[in-house]
Amino acid sequence: MMLCLVLIGCGNEISTETQIQNIVWSGSIDENTELFDKFMKTRECLKETFPEAMLHEGYPNVNLVIAPIVCGDNLKAFGCTVFAIDTIEIMNSLKSTWVPSHENIHWLTGTRDELSPYFSCTIF
Ligand SMILES: [Zn+2]
(Lines give C-alpha, C1' and ligand atoms only; values in the text may rest on other atoms or scores of the structure.)
Protein backbone atom coordinates (compact mmCIF):
# COMPACT_ATOMS: atom_id res chain seq x y z
CA MET A 1 0.00 0.00 0.00
CA MET A 2 2.75 2.39 0.96
CA LEU A 3 4.70 1.47 -2.15
CA CYS A 4 1.73 2.30 -4.41
CA LEU A 5 1.34 5.68 -2.79
CA VAL A 6 5.04 6.31 -3.08
CA LEU A 7 5.24 5.49 -6.77
CA ILE A 8 2.52 7.93 -7.76
CA GLY A 9 3.91 10.65 -5.48
CA CYS A 10 5.77 12.48 -8.17
CA GLY A 11 7.92 15.45 -7.28
CA ASN A 12 7.47 19.13 -7.61
CA GLU A 13 8.98 20.85 -10.58
CA ILE A 14 10.51 24.29 -10.38
CA SER A 15 11.12 26.64 -13.25
CA THR A 16 14.47 26.50 -15.04
CA GLU A 17 14.67 30.28 -14.90
CA THR A 18 14.47 30.30 -11.10
CA GLN A 19 17.07 27.57 -10.78
CA ILE A 20 19.65 29.25 -12.99
CA GLN A 21 19.25 32.69 -11.39
CA ASN A 22 19.67 31.57 -7.81
CA ILE A 23 22.21 28.73 -7.79
CA VAL A 24 25.39 29.39 -5.79
CA TRP A 25 26.67 25.80 -5.74
CA SER A 26 25.76 22.69 -7.68
CA GLY A 27 27.00 19.12 -7.36
CA SER A 28 26.39 15.67 -5.93
CA ILE A 29 25.53 15.57 -2.24
CA ASP A 30 28.64 13.47 -1.54
CA GLU A 31 30.80 16.42 -2.63
CA ASN A 32 29.59 18.59 0.27
CA THR A 33 30.66 17.31 3.70
CA GLU A 34 27.98 19.11 5.71
CA LEU A 35 25.11 18.06 3.46
CA PHE A 36 26.45 14.52 3.05
CA ASP A 37 26.66 14.06 6.82
CA LYS A 38 23.06 15.16 7.17
CA PHE A 39 22.04 12.94 4.26
CA MET A 40 23.67 9.84 5.78
CA LYS A 41 22.13 10.48 9.21
CA THR A 42 18.74 10.82 7.58
CA ARG A 43 19.31 7.63 5.56
CA GLU A 44 20.34 5.65 8.67
CA CYS A 45 17.34 6.91 10.61
CA LEU A 46 14.94 5.91 7.83
CA LYS A 47 16.58 2.49 7.48
CA GLU A 48 16.09 1.85 11.19
CA THR A 49 12.58 3.20 11.58
CA PHE A 50 10.92 2.66 8.20
CA PRO A 51 13.06 0.35 6.00
CA GLU A 52 10.22 -0.38 3.58
CA ALA A 53 10.04 3.33 2.73
CA MET A 54 13.55 3.43 1.28
CA LEU A 55 13.38 3.65 -2.49
CA HIS A 56 16.47 5.38 -3.75
CA GLU A 57 20.07 4.16 -3.83
CA GLY A 58 22.97 6.46 -4.53
CA TYR A 59 22.92 10.17 -3.93
CA PRO A 60 20.86 13.11 -5.12
CA ASN A 61 22.25 16.11 -6.91
CA VAL A 62 22.08 19.37 -5.00
CA ASN A 63 21.52 22.96 -6.01
CA LEU A 64 22.25 25.45 -3.24
CA VAL A 65 20.24 28.58 -3.91
CA ILE A 66 20.30 32.06 -2.40
CA ALA A 67 16.60 32.90 -2.21
CA PRO A 68 13.29 31.15 -1.62
CA ILE A 69 12.37 29.10 -4.67
CA VAL A 70 9.29 28.16 -6.60
CA CYS A 71 8.40 24.56 -5.73
CA GLY A 72 5.13 23.34 -7.18
CA ASP A 73 2.37 25.43 -5.62
CA ASN A 74 4.70 26.87 -2.99
CA LEU A 75 6.09 30.13 -4.37
CA LYS A 76 8.47 30.74 -1.47
CA ALA A 77 9.79 27.29 -0.54
CA PHE A 78 13.05 26.86 1.43
CA GLY A 79 13.72 23.57 -0.34
CA CYS A 80 12.41 21.44 -3.15
CA THR A 81 12.82 17.89 -4.42
CA VAL A 82 12.74 17.48 -8.19
CA PHE A 83 12.45 13.75 -8.78
CA ALA A 84 12.60 14.10 -12.56
CA ILE A 85 16.26 15.09 -12.36
CA ASP A 86 17.20 13.44 -9.00
CA THR A 87 17.88 16.84 -7.52
CA ILE A 88 17.16 18.63 -4.28
CA GLU A 89 17.19 22.40 -4.05
CA ILE A 90 18.15 23.91 -0.71
CA MET A 91 18.50 27.51 0.40
CA ASN A 92 22.19 27.97 1.13
CA SER A 93 21.53 29.90 4.34
CA LEU A 94 19.42 27.02 5.71
CA LYS A 95 21.77 24.11 5.07
CA SER A 96 22.55 23.79 8.81
CA THR A 97 18.86 23.45 9.68
CA TRP A 98 16.12 20.85 9.23
CA VAL A 99 15.65 21.78 5.56
CA PRO A 100 18.22 19.39 4.00
CA SER A 101 16.93 16.42 6.07
CA HIS A 102 13.38 17.24 5.02
CA GLU A 103 14.33 17.28 1.34
CA ASN A 104 16.48 14.15 1.78
CA ILE A 105 13.45 12.32 3.20
CA HIS A 106 11.46 13.32 0.13
CA TRP A 107 14.23 12.08 -2.16
CA LEU A 108 14.99 8.86 -0.27
CA THR A 109 11.35 7.82 0.06
CA GLY A 110 9.81 9.40 -3.04
CA THR A 111 7.02 10.84 -0.94
CA ARG A 112 5.40 14.24 -0.96
CA ASP A 113 4.46 16.38 2.03
CA GLU A 114 1.19 14.56 2.70
CA LEU A 115 3.18 11.46 3.71
CA SER A 116 6.20 13.02 5.40
CA PRO A 117 4.59 12.98 8.89
CA TYR A 118 5.18 9.19 8.78
CA PHE A 119 8.92 9.79 8.88
CA SER A 120 10.28 11.49 11.97
CA CYS A 121 13.89 11.61 10.79
CA THR A 122 14.49 15.32 10.45
CA ILE A 123 18.08 15.88 11.56
CA PHE A 124 18.88 19.37 12.82
ZN1 LIG B 1 8.32 18.93 1.91
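The model is predicted, so local features need pLDDT of at least 70 and side-chain atom pairs count only at pLDDT 80 or more, while totals for chains, interfaces and linings use all residues. Residues are numbered from 1 along each chain as its sequence is written, and side-chain values use heavy atoms, with hydrogens and water left out.

**Overall layout**

- The protein chain has 4 helices and 6 strands; these are DSSP runs numbered from the N terminus, with helices being H or I of at least four residues and strands being E of at least two.
- Reading from the N terminus, the order of elements is α-α-β-α-β-β-β-β-β-α.
- Of the 124 residues, 46% are buried, meaning under 20% relative accessible area with a 1.4 Å probe and protein chains only; exposed is over 50%, and partly exposed is in between.

**Helix H4**

- H4 is largely enclosed by the rest of the structure, because 10 of its 11 residues are buried.
- The buried set is Val 99, Pro 100, Ser 101, Glu 103, Asn 104, Ile 105, His 106, Trp 107, Leu 108 and Thr 109.
- Thr 109 belongs to H4, which covers residues 99-109, and has a relative accessible area of 0%.
- Its side chain makes a reach of 2.6 Å to the backbone oxygen of Ile 105.

**H3 against H4**

- H3 (residues 33-49) packs on H4 at an angle of about 55°, and the axes are 9 Å apart; axes are lines fitted to C-alpha atoms over the stretch in contact, and angles run from 0 to 180 degrees between N-to-C directions.
- That makes the pair oblique, since under 35 degrees counts as roughly parallel, over 145 as roughly antiparallel, 65 to 115 as roughly perpendicular and the rest as oblique.
- On the H3 side, the contact is made by Leu 35, Lys 38, Phe 39, Thr 42, Arg 43 and Leu 46.
- H4 brings Pro 100, Ser 101, Asn 104, Ile 105, Trp 107, Leu 108 and Thr 109 to the contact.

- Met 54 sits in the loop between H3 and strand E2 (61-65), and at 18% relative accessible area it is buried.
- Met 54 and Thr 109 are 55 residues apart in sequence, yet C-alpha to C-alpha they are 5.1 Å apart in space.
- Leaving out residues up to four places away in sequence, Met 54 touches Arg 43, Leu 46, Lys 47 and Leu 108.

- Thr 87 lies in strand E6 (residues 87-91) and is buried, with a relative accessible area of 4%.
- The side chain of Thr 87 reaches the backbone oxygen of Ile 85 at 2.7 Å.
- Not counting residues up to four places away in sequence, Thr 87 touches Asn 61, Asn 63, Cys 80, Thr 81, Val 82 and Trp 107.
- Asp 86 is in the loop between strand E5 (79-82) and E6, and is partly exposed at 31% relative accessibility.
- Phi of Asp 86 is positive, near 50°, in a residue other than glycine. For comparison, most residues other than glycine have a negative phi.

Definitions and conventions: A polar contact is a pair of N or O atoms within 3.5 Å; within protein, one must be able to donate a hydrogen and the other to accept it, and residues adjacent in sequence count only if both atoms are side-chain atoms. Contact means heavy atoms within 4.5 Å.
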